[in-house]
Number of protein chains: 4
Amino acid sequence: MDTPQFKQLRQSLGFDEVSIVPGNITIDPEQTEIGLNIGGIKLQIPFIAAAMDGVTDVRFAVEMSKAGGLAVLNLEGVQVKYENPDEILAELVHAEPEIVNTLMQKIYSAPLKEYLVGKRIQEIKRAGAIVAASATPASARYLSKLAVEAGADIFVVQSTVTSAHHKSNYREELKIKDLCRSLPVPVMVGNCVSYQACLELLETGASGILVGVGPGAACTSRTVLGIGVPQITATMDCAAARENYRQKTGKYIPIITDGGFRNSGDICKAIAAGADGVMLGSIFAQAEEAPGRGYHWGMATPHPSLPRGTRVKVGTLASLRQILFGPSNRSDGTLNLVGALRTCMGLCGVRTIQELQKAEMVIAPSITVEGKHWQLMK
Amino acid sequence: MDTPQFKQLRQSLGFDEVSIVPGNITIDPEQTEIGLNIGGIKLQIPFIAAAMDGVTDVRFAVEMSKAGGLAVLNLEGVQVKYENPDEILAELVHAEPEIVNTLMQKIYSAPLKEYLVGKRIQEIKRAGAIVAASATPASARYLSKLAVEAGADIFVVQSTVTSAHHKSNYREELKIKDLCRSLPVPVMVGNCVSYQACLELLETGASGILVGVGPGAACTSRTVLGIGVPQITATMDCAAARENYRQKTGKYIPIITDGGFRNSGDICKAIAAGADGVMLGSIFAQAEEAPGRGYHWGMATPHPSLPRGTRVKVGTLASLRQILFGPSNRSDGTLNLVGALRTCMGLCGVRTIQELQKAEMVIAPSITVEGKHWQLMK
Amino acid sequence: MDTPQFKQLRQSLGFDEVSIVPGNITIDPEQTEIGLNIGGIKLQIPFIAAAMDGVTDVRFAVEMSKAGGLAVLNLEGVQVKYENPDEILAELVHAEPEIVNTLMQKIYSAPLKEYLVGKRIQEIKRAGAIVAASATPASARYLSKLAVEAGADIFVVQSTVTSAHHKSNYREELKIKDLCRSLPVPVMVGNCVSYQACLELLETGASGILVGVGPGAACTSRTVLGIGVPQITATMDCAAARENYRQKTGKYIPIITDGGFRNSGDICKAIAAGADGVMLGSIFAQAEEAPGRGYHWGMATPHPSLPRGTRVKVGTLASLRQILFGPSNRSDGTLNLVGALRTCMGLCGVRTIQELQKAEMVIAPSITVEGKHWQLMK
Amino acid sequence: MDTPQFKQLRQSLGFDEVSIVPGNITIDPEQTEIGLNIGGIKLQIPFIAAAMDGVTDVRFAVEMSKAGGLAVLNLEGVQVKYENPDEILAELVHAEPEIVNTLMQKIYSAPLKEYLVGKRIQEIKRAGAIVAASATPASARYLSKLAVEAGADIFVVQSTVTSAHHKSNYREELKIKDLCRSLPVPVMVGNCVSYQACLELLETGASGILVGVGPGAACTSRTVLGIGVPQITATMDCAAARENYRQKTGKYIPIITDGGFRNSGDICKAIAAGADGVMLGSIFAQAEEAPGRGYHWGMATPHPSLPRGTRVKVGTLASLRQILFGPSNRSDGTLNLVGALRTCMGLCGVRTIQELQKAEMVIAPSITVEGKHWQLMK
């Protein structure tokens, strides 16, 4: 029993393991405030559509902005590699499952067309929408310049794991700090999952931090790389870093939980765990406006030698507006995300996102076989 | 390891995670006492049928009262919206699954017919039964007056989460305290799940507290709103509040665990966790007398913009009497609830509900895939 | 967080949650000793066949004794209610699933034929076997007299939960202490699961204690009554009572874990948790000699008003000898129980059952969906 | 609550229960070092193919060595019992499932042909590969002599559980210490799982320790013998022994985690838990070069009286080179093991295996039914 310990492991928690405890007082959902401020740019709702090719294209970005949220255009995907991305997307969507990973590797090996970066951004801009665009650290310096010149309002540096200090012998190292200082627009950075990594990203001057690495239990980052932290723990740890940074600097930088969401309940839980907003992929891929036509895949899926993830059929459910604002005629938490969040806040008796972050949560047994059985009986 | 903690989460427990330890002495089941006292109204058995339209109508309320228990009539459902609710229920029950949620939203959007409130209550009353009727907080003042005038013996204020202090800009706020003081009959209030919320409801002068929010692991409150506390923990926390209130005031107010029950074992566990009685929905929906004809749905299911729950087929099993008193020819805990409770008490060597509340319980692994497999092999 | 606690729950463990750690030394399986001593009667192997009608009849009891173990004849089942029990068993075994519980209730409502008690016991005795016979506490005084007169070597008092002190207004109370003192043969008593209940049974002068109430996660005692303690915890707690009793009195009384076993691994785990022997039902019901012809049911299954359990098809696997001693051509732990136990002891480097009780165990994740999937792929 | 404790059980962890936390810095995968040193013999990659007949034959050993790893030839299997093992393997692979265990028992009961030991080793040697060969403790003295004479570079003593001190009345006891001292080549020994057992094996002078007993939750050692420790805990405990031994002696002896791996994520986790290398069975059985032609079985499977394990169909996936080095067109962690390990190290910001051993890990919920469901929907 008194065996020397090689290392200690903390328990971590995902969406399925936790639940929110309602409050001692309750309020009307209509009295709640759910805005999100990213470096001075104010969103009315704390929902951001992911920089994934099945989710965000020009049209979707415009609709999302009109609805009060934000969508991030991926500057390394089909939108900037192909003049007519819809053709390519149709090919991807109709491909047989056996060949889809190989086809995806081929499609994404096409080079970026520089002029398309500006073109896409301007199309969104002209429609009066807020423009957010993303790149991986390796291309961030080059693409951020193009994006900002074209009128991007927010720039996002995103990869599976982005650290403030990447060491490389092969390419010029990106200093996130320099990028944040040199760009005239707010920069969001991610993803990270730990207290220390988040704190170091906050210290670069970023205006928002994306949180989430291999969040889902079924996520292939865990299967392929062994890496991942369930989202509730990742969010709580990064929220702790945000509080530390606020105490030291007086600056409140939002934490955006990204990945693994399946329903509005998960969204409420992420915010109760400390998030200021959420980035959604598969949930928005279910919108009629989504370019993936009911299919969804991550940006690590087309990796040439080590793909992580695959094309997922999510189906098409409703318009983006109905997904966000309802009305819902389903009870699975996929429609009326805003109404669900406001109702949750009402039952917790809180008026703001920051108050919901203080709600009590419990570790609750995840869905059991028995529970599943009962549900199926329905 | 010494990462600052954003928040601490307690472990919570549901029916599947716990089990009762038998006693050091045993007694005969026939020697047990299982009555329940709600504000002076004494029930012989601690079973209350839920205020759900698939469970309680006039006939069911009469049968339940004759059997020694209680059924609560929902004053915002089909019984008071339609002169002939059976027709409406038949329509609901025969609707195709794809359209049932939408149909339910339509059916429940019909206005209440004031004269039906009195009529239904008097029909129950005339049969010599104890009458309990329920409303949501928003309509409680108005409907409680009608109900009491018509002869209701117990009034129930119930919603997903009811707090002693609801804040609203849009409607006149209901003060539960004022309602309890002004009504000449005992008032039961719920639902709540936490120590503090329960304590505040006890301090309003309520004669019974309903406990349970999003109890089942499969419950859609958790999926849609992220909210819920498993029933064993909810019951233990509210029982602690009851004890505190008793110490301060000398008054013993019963705690009624409501929701998530699947069998008599769950009922025994709820009482061993501290409950004085249980409110049952789907179990009673399986009675031949239940108006839902083998179907069951919650009162949040027809919500116009954010439905939570759906129509569930539970089937018809036996008469209410056989469900309550047996004999049983099944081994799944769905028949002879009273016999099972008394047998449990006998094996624990306890004579009263209050003694069963002190029985030892253990956290026991929930039903595993392996266990399930073995069971199916049978 | 500092909510007052209504009660504290300990974590309990079943077979699926634990595993044995092999030793720092290893020995040859042939060097192990696995005898079991019940009140002076020495068994060569620590395996006892349960007093269940699908397992033990005259022939099975004889075979089991010849193999070095023991089988217990149920003095309240078909063997003593019917002159020709094989006909009755055939009827039970061939009944359709829908009517089997009702048929069983009818068959078991037949009265006991007193002369059959003596006849069955003498049949076993004449074959040179050790005779063990069982009754419930309510009939123990009467039946023990008959059994001992007929030549029984061991008497077993057994019910779902048997306490040293049963309180009853309706029937004369059985004092286990008096029974143990008055009978000229060793008495085994059970079942119990907790430290205190076991200690009180030990103090009655019993020669063996049966441990196990609602052990399996799928067990219907938990579903119907909410009662049960997983077998590893039950065994450890009762073993602690045995140690306490030994320290106080110098007497070593064996603890027999009864119920929930599916394979030889479970048997090894029970002994490593502190058991001196095991009582097996479904595993022996798979023997060619078992009267249940591949079917199995518990003694609470035919309960007239609250049946717990049902007829289970276990199939017929091999002869009792092959189940006990192999050779095995299967890898699921259902054949060669003795070989498996000895091999386990060899890998743990222990020579006796009492040394195996001291082996290190760990809490190990139970079989996951993933594990199951992999296994099925095989 | 203050019940005396019979024994204490530690929580143990397997691959499914843990996950690696990415680092605060990141580096390029190309900058990582993943070599493994076994008693002076340096491997470029820390992957060893198991001494199983479905995995390692002459051809596979040669390919594995060329790829920078090592394969261990089993000196008690079909390669040394049959002049033409391919015929035998074909028979095994084509046998019907019902008879395969019995056939396997028959095939493996054939006697060893002494001249084949030398022949197989020389065939590998002549191809310029590093030769590793294994035997169980009972035959280790005899077979190690033959193997070393034929040119083996590494000798492996391996059984389900091997201890430094085996006690036997029936055969001459093998002293591992003497063997290590007398053989002119490095000796690897295993398997073990606990701190103390590993420490004692280290003290014999072994050049590598194999870690893993009954690792998988579905593993039949747990089902048949009740024995097993999940691999993360086993690896951590043995790594603690390695550190202790290093502190006392200055010698760094590698720990090789053996068994239960399903994908590259598991491999990364084992190393993050403290392993220096991994021994793989079923993953390499999926190689086109594997003699098992898509089938796999353990060395305890053909045990004459107590088989543990069975023939598993794993399928044929790709060439050994592609399994090791990619490119991958799958996202399930079965291809590009080296790329996955290097990428994991890059995301953890570590350059060496020893640094990865210090990476933070968390206990993360294992794959739930819900997660599985979502995955299947894909």
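This is a predicted model: local features need pLDDT of at least 70, side-chain atom pairs count only at pLDDT 80 or more; totals for chains, interfaces and linings use all residues.

Student: Are α8(D) and α10(D) parallel, perpendicular or oblique to each other?
Tutor: Helix α8 (residues 195-202) of chain D packs on helix α10 (residues 231-249) of chain D at an angle of about 40°, with the axes 8 Å apart. Angles under 35 degrees would count as roughly parallel, and roughly perpendicular takes 65 to 115. So the two helices, α8(D) and α10(D), are oblique.

Student: How many nonpolar residues does the contact of α8(D) with α10(D) have?
Tutor: From α8(D) come Tyr195(D), Cys198(D), Leu199(D) and Leu202(D), and the residues they meet in α10(D) include Ala240(D), Ala241(D) and Tyr245(D). By class, this contact has one polar residue, two charged ones and, to give your number, nonpolar residues numbering eight.

Student: What handedness does the crossing of α1(D) and α5(D) have?
Tutor: The axes of helix α1 (residues 58-66) of chain D and helix α5 (residues 114-126) of chain D come within 9 Å and cross at roughly 30°. Where they meet, Val58(D), Ala61(D) and Val62(D) face Arg120(D), Glu123(D) and Ile124(D). As for the sense in which α1(D) passes α5(D), the crossing is right-handed.

Student: Which kind of axis relates chain A to chain D?
Tutor: Chain A can be laid on chain D with an RMSD of 0.0 Å. Doing that takes a turn of 90° and a shift of 0.0 Å along the axis. That relation is therefore a four-fold axis.

Conventions:
Residues are numbered from 1 along each chain as its sequence is written. Chains are lettered from A and ligands numbered from 1 in the order in which they are written. Axes are lines fitted to C-alpha atoms, for helices over the stretch in contact, and angles run from 0 to 180 degrees between N-to-C directions. Helices (H or I, at least four residues) and strands (E, at least two) are DSSP runs, numbered from the N terminus. Angles under 35 degrees count as roughly parallel, over 145 as roughly antiparallel, 65 to 115 as roughly perpendicular and the rest as oblique. Two residues are in contact if their C-beta atoms, placed from the backbone, lie within 7 Å. Ala, Val, Leu, Ile, Met, Phe, Trp, Tyr, Cys and Pro count as nonpolar, Asp, Glu, Lys and Arg as charged, and the others, Gly among them, as polar. A crossing is left-handed if the near helix is turned anticlockwise from the far one by less than a right angle, and right-handed if clockwise. Copies are superposed by least squares on the C-alpha atoms of residues with pLDDT of at least 70 in both.
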